[in-house]
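This briefing is intended for a reader who is new to the structure shown below. It covers one residue first and then the interface between two chains.

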Amino acid sequence: MGLTWTIVTLVIALGLAWRFLGSYMAAVFEGRVHFLGWAERPVYRLLGTSPDQEQTWKRYAGALIVFSALSIALTYVIIRIQGSLPLNPQHLGAVPPALSFNTAASFVTNTNWQNYGGETTMSYFSQMGALTVQQFVTPAVGIAVAIAVVRGFSRRNSPTIGNFWVDITRCLLYVLLPIAFVAGIIFVGQGAVQTLAGPVHIRNALNGVTQTIPRGPIGFMEAIKQLGTNGGGFLNANSATPFENPTGLTNWLSIFLVLCIPFSLTYTFGKMVGSVRHGAALLAAMVIIFGIWVGGTTIAEHQQNPAVAAAGVHANVGNTVGKEVRFGDTSTALFGAASTSTSTGSADASYDSFTPMGGFFLITGMMLGEVTPGGVGSGLYTILIYAIIAVFIGGLMIGRTPEYLGKKIQAKEVKLAGLGALVMPIAVLVLTAIAVSIHAGRAGPLNAGPHGFTEILYALTSQGNNNGSAFAGLTGNTAFYNVVGGIDMLIGRFGIMVPAIALGGVLAAKNVVPESLGTFRTDNGMFVGLVIGVIVIIGGLTFFPAVSLGPIVEQLSHGKFF
Amino acid sequence: MLIHLRRSLVMCVLCLIFFGFVYALAGTGVAQLLFTHQANGSITANGSTLIGQNWAAVRCPGHPLGSCVFHGRPDDTGPYAANPKASPPVPGGDNPLVANGNAGESGGTNLGPRSKVLLANTRALVAYWHKLGVANPTPDLVTTSGSGYDPDISPADALVQVPMVAKATGVSPATLRSLIARQTHPAQLGFLGSSYIDVLQLNEALAALH
């Protein structure tokens, strides 16, 4: 019953967001929203730019790369010198170099993989000034790239694809800030902590227990953590802790925030290219795959944990290991599917303790390339890459020159799309192969047997897809995993972003071919099926062998414990 | 290139000031104004209602240790107790800076579903409950949570502890069951999350009873 209503209310809320947030975002990026103009214009003056100064795709990508590199450097420096900075009530010292590199790469790539425990590693200054800042900036960068690719389709014979600085400023001011601030108030109202007062010491006279309770500016970080599909929480146990995610309502709100922008951007896309049907077709492909993954995860987690059943404890409840009582198994499974199918990676439970099939759906949700619906911005530009491949394959099958939204898809576009689709699987599989081949990599897993392999595969899949969730038994804070993971995240972010921007630039320069009777339709059920096929076949063919050695073997090992 | 660098620098500084500090400080101001109790951690006289505590070591004269109160999830209990061999040694008691014997952070055990360690720990917890007089411990009571300090149990988890608590406190099972019913928080709006009982509040109500 609870699950049914949770899904019904989510569908209604997300449907409204798709229609209204989607068209609002189109208006924002087309420069039709001005209510914060008093804040927007001084930013352009300080930057020395204006909405009229359009950029070619090379300049757009150049600005993005330089800005991201500087952000990594700044994040690195802040957490290295946090011991000498204010807002450090626990007197925490500098974060070590390898861990700082991994963390800086992680937050600037929107991954939020955390090889540290927040409450005992990061000062309030670092949490706010280094990490929360990137939780705002990186979704804005992701959405900017998505919009740049959309402009590739909406413009004709255009040498430029927009202005990077204007796009991220508008996204920050008009989209992320207002929603995050309102959501932050709800989180705190439900019980999330928001204070700068430092930890509190307390003794309970009833049981003699003495506790030191870490606190901090958590609630408002939580809001942007979810909305920006970031996922990196203030506390180590992330959304499982009551201080980050206190109630069933905040759990629902987290799921909504995670999904609202990635889904809504398909409407923005449809609106900007002048065919909402095309946006709806991409939405349909996302929703169908996501629905199957939600169903699979929920059914899997509603089963008993094999070890608990073997210990002789039976009850009509699902897998409780690593889950919180206030959420229950189905809400937790829904959260897990939402978090891994977007590039969020927040966790309201220990994913490592999910059932073998529950873990299978989490890891494969990421392996499909984070397009169902994927991260903010990255979901849209990546599914557009898959759509181009689908158009190309469809064109080959019926023997016509492929077109998408009137733009001819030729050798250059297909090469860029192919590059964008192959970067992530190559990075993930090669790095996993290296990790299992050397001692430093094999020393990581906590669990033995196939689950140990899954921990390694999960870590590199999560970082390569900029997800950030973990099978957290893996000891990731080692020189090897810090450096390899950092590289994995950088490839997974910029290795796809740059081809995507190039694709936008190449397409924007083209003229539109008038539609004819022979044009291959790209807004109907047939095309939705083709896109789903491309996503599942690319993901499936690439990762099936690896997944079969992990969760599939584990699922089939009835009665065996490792 | 140089112009990119200059603009990046300006943007980084603006974001640091605005999204690093103005956002968090304005948020803290609003939070402290509107929801002072929640924003400071829902702290009551005996601890935070959002942070689980360890009730296993409560002395109950004439009865086994911990049998006169309701227990939460076994985070930091039994096989998951504080690890004296760790360096530095780890104190227990569901300290939020200690989870499942690991110092320094919140978190679950991360034991996989086919882990021998999980099987052995679960068996040890079943035996632990049998010794306390709980014949059929529920899954929540033999498994640890995601945070490492889950403050809640389900009504079923509380009900199986009734014979144990009744025997050690002398309070009648019927009174305890109605206490549990009164302390049960239904799922929000009837469908969000699960119904739960805050163990701290339940034990405070129990203490007020006798």
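The model is predicted: local features need pLDDT of at least 70 and side-chain atom pairs pLDDT 80 or more, while totals for chains, interfaces and linings use all residues. Residues are numbered from 1 along each chain, chains are lettered from A in the order in which they are written, and side-chain values use heavy atoms, without hydrogens and water.

**A:Glu455**
- Helix α17 of chain A (residues 450–464), a DSSP run of H or I with at least four residues, contains A:Glu455.
- A:Glu455 counts as buried because its relative accessibility is 0%, the limit being under 20% relative accessible area with a 1.4 Å probe, protein chains only.
- The side chain of A:Glu455 comes to 2.9 Å from the backbone nitrogen of A:Leu446.
- A distance of 25 Å separates the C-alpha atoms of A:Glu455 and A:Asn245, which are 210 residues apart along the chain.

**Chains A and B**
- In chain A, 119 residues are in contact with 99 residues of chain B.
- The two chains bury about 8400 Å² between them, 67% of it on carbon and sulfur atoms; this is the accessible area (1.4 Å probe) lost on being put together, summed over both.
- On the chain A side, A:Leu206, A:Gln211 and A:Val325 lose the most area to chain B, together 8% of what that side buries.
- Helix α7 of chain A (residues 164–190) gives the largest share of the side that touches chain B, with 11 residues.

Methods:
Contact means heavy atoms within 4.5 Å. Helices (H or I, at least four residues) and strands (E, at least two) are DSSP runs, numbered from the N terminus. Buried means under 20% relative accessible area, exposed over 50%, partly exposed in between (1.4 Å probe, protein chains only). A polar contact is a pair of N or O atoms within 3.5 Å; within protein, one must be able to donate a hydrogen and the other to accept it, and residues adjacent in sequence count only if both atoms are side-chain atoms.
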